[in-house]
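Please look through the sequence and the structure below before reading on. The paragraphs that follow take up a few places in turn, beginning with a charged pair.

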Protein chains: 2
Amino acid sequence: MAEKPVWEQIGSGFVQHYYQQFDTDRVKLADLYTDASCLTWEGEGFQGKNAIMTKLSSLPFRSIQHIITAQDHQPTPDSCVMSMVMGQLKADEDQVMGFQQVFLLKNIDNKWICTNDMFRLALHNFGA
Amino acid sequence: MAEKPVWEQIGSGFVQHYYQQFDTDRVKLADLYTDASCLTWEGEGFQGKNAIMTKLSSLPFRSIQHIITAQDHQPTPDSCVMSMVMGQLKADEDQVMGFQQVFLLKNIDNKWICTNDMFRLALHNFGA
């Protein structure tokens, strides 16, 4: 069986790690961002590891579980990896919701860092 | 009223132009790609303007209409703009479907080019 392209290994490895951390102990996601990273969460913008972690830590649920239903990865001209994720999440006892998220990953000091992150609940596909 | 940040103007301008062209005469989308551009369409990969345009031209509908319900834009460390779009589309007489799409835009020779493009129907949020 042919090996997956390297960018797909990088992207899918990051995605697996990200949601595993998010679901078990999301304060550890700090390691994946730098002070230049950008997050847009449901249309609201945050820049830098501290602002991003303050936002992620303050999300109003005790437990969350993500299931990934589709993911795509591409290499970019600047040697980054772009990853798009579709999935479902369940927060506490709320109903299951669809979501989509995009990551841009850059190799900095031999580590793949998330420089850009955008998250939206899937309800935006159906709202006006 | 404060002006929008420049990357948001670039991203939202591209998005408006892209879907307008897609809905009226999608062969003209060729101008937005280069021979290094990547498209992942429903999980299938295409590289280069020719392969991308062959795919987009062969999509099996006569008419299509996109409605954008949410869009986010960010600047990237390599002076690109990343844009995530959520919306709905109606192809011919099919039922309305949700979709999500991501673009990475790079300024090449004073023109904003799409180097990376990923498209998925929103049904992937709900399938396994």
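With a relative accessibility of 22%, A:Asp78 counts as partly exposed, because that class takes in values between the 20% under which a residue is buried and the 50% over which a residue is exposed. This value, like every other in this text, was computed from a predicted model.

What does A:Asp78 form with B:Lys106? The two residues form a salt bridge, in which the closest N and O atoms are 3.0 Å apart. The pair crosses between chains, since A:Asp78 belongs to the loop between E3 and E4 of chain A, while B:Lys106 sits in strand E5 of chain B, which covers residues 97–108. B:Lys106 has a relative accessible area of 18% and is buried, whereas A:Asp78, at 22%, is counted as partly exposed. Side chains of opposite charge can pair when their charged atoms come close. A salt bridge also joins the side chains of B:Asp78 and A:Lys106, with 3.0 Å from N to O.

These bridges lead to the contact between the two chains. How many salt bridges does the rule find across the interface of chain A and chain B? There are 4 of them across this interface, and a search of the whole structure, over all chains, finds 10. The rule also finds 12 residue pairs in polar contact across the interface of chain A and chain B, where both residues of a pair have a pLDDT of 80 or more. On the side of chain A that touches chain B, the elements that give two or more residues are E1, strand E3 (64–75), E4, E5 and E6 of chain A. E3(A) provides the largest share of that side, with 7 residues. Sorted by class, the side of chain A that touches chain B is made up of 17 nonpolar, 17 polar and 5 charged residues.

The contact takes 39 residues from chain A and 39 residues from chain B. The size of an interface is often given as the accessible area lost when the parts come together. Here chain A and chain B bury about 3100 Å² between them, and 61% of this area is on carbon and sulfur atoms.

The next stop lies within chain A, at A:Asp92, whose place is in the loop between strand E4 (81–91) and strand E5 (97–108). Is A:Asp92 buried or exposed? With a relative accessible area of 16%, A:Asp92 is buried, because buried means under 20%. Leaving aside residues up to four places away in sequence, A:Asp92 touches A:Pro60, A:Phe61, A:Arg62 and A:Ser63.

Because A:Arg62 lies in the loop between helix H2 (49–57) and E3 of chain A, and A:Asp92 in the loop between E4 and E5 of chain A, the pair ties together parts that are 30 residues apart in sequence. A:Arg62 is exposed, with a relative accessible area of 74%, whereas A:Asp92, at 16%, is buried.

In chain B, the side chains of B:Asp92 and B:Arg62 meet in a salt bridge with 4.0 Å from N to O. B:Asp92 lies in the loop between strand E4 (81–91) and E5 of chain B and B:Arg62 in the loop between helix H2 (49–58) and strand E3 (64–75), so this pair ties together parts that are 30 residues apart in sequence. B:Asp92 counts as buried at 16% relative accessibility, and B:Arg62 as exposed at 74%.

The last stop is strand E1 of chain A, residues 38–41, which is covered on both faces: A:Cys38 and A:Thr40 on one side, and A:Leu39 and A:Trp41 on the other, are all buried. E1(A) pairs in the antiparallel sense with strand E2 (residues 44–47) over 4 bridges, and A:Trp41 has A:Glu44 as its bridge partner in E2(A). The hairpin of E1(A) and E2(A) has 2 residues between the strands, and in this hairpin A:Glu42 takes a positive phi near 50°. E1(A) also pairs with strand E6 (residues 111–121) of chain A, in the parallel sense and over 4 bridges, where A:Trp41 stands opposite A:Phe119.

Terms used:
Residues are numbered from 1 along each chain as its sequence is written. Chains are lettered from A and ligands numbered from 1 in the order in which they are written. This is a predicted model: local features need pLDDT of at least 70, side-chain atom pairs count only at pLDDT 80 or more; totals for chains, interfaces and linings use all residues. Side-chain values use heavy atoms; hydrogens and water are left out. Buried means under 20% relative accessible area, exposed over 50%, partly exposed in between (1.4 Å probe, protein chains only). Contact means heavy atoms within 4.5 Å. Two strands pair if DSSP finds at least two bridges between them. Buried area is the accessible area (1.4 Å probe) that two parts lose on being put together, summed over both. A polar contact is a pair of N or O atoms within 3.5 Å; within protein, one must be able to donate a hydrogen and the other to accept it, and residues adjacent in sequence count only if both atoms are side-chain atoms. Ala, Val, Leu, Ile, Met, Phe, Trp, Tyr, Cys and Pro count as nonpolar, Asp, Glu, Lys and Arg as charged, and the others, Gly among them, as polar.
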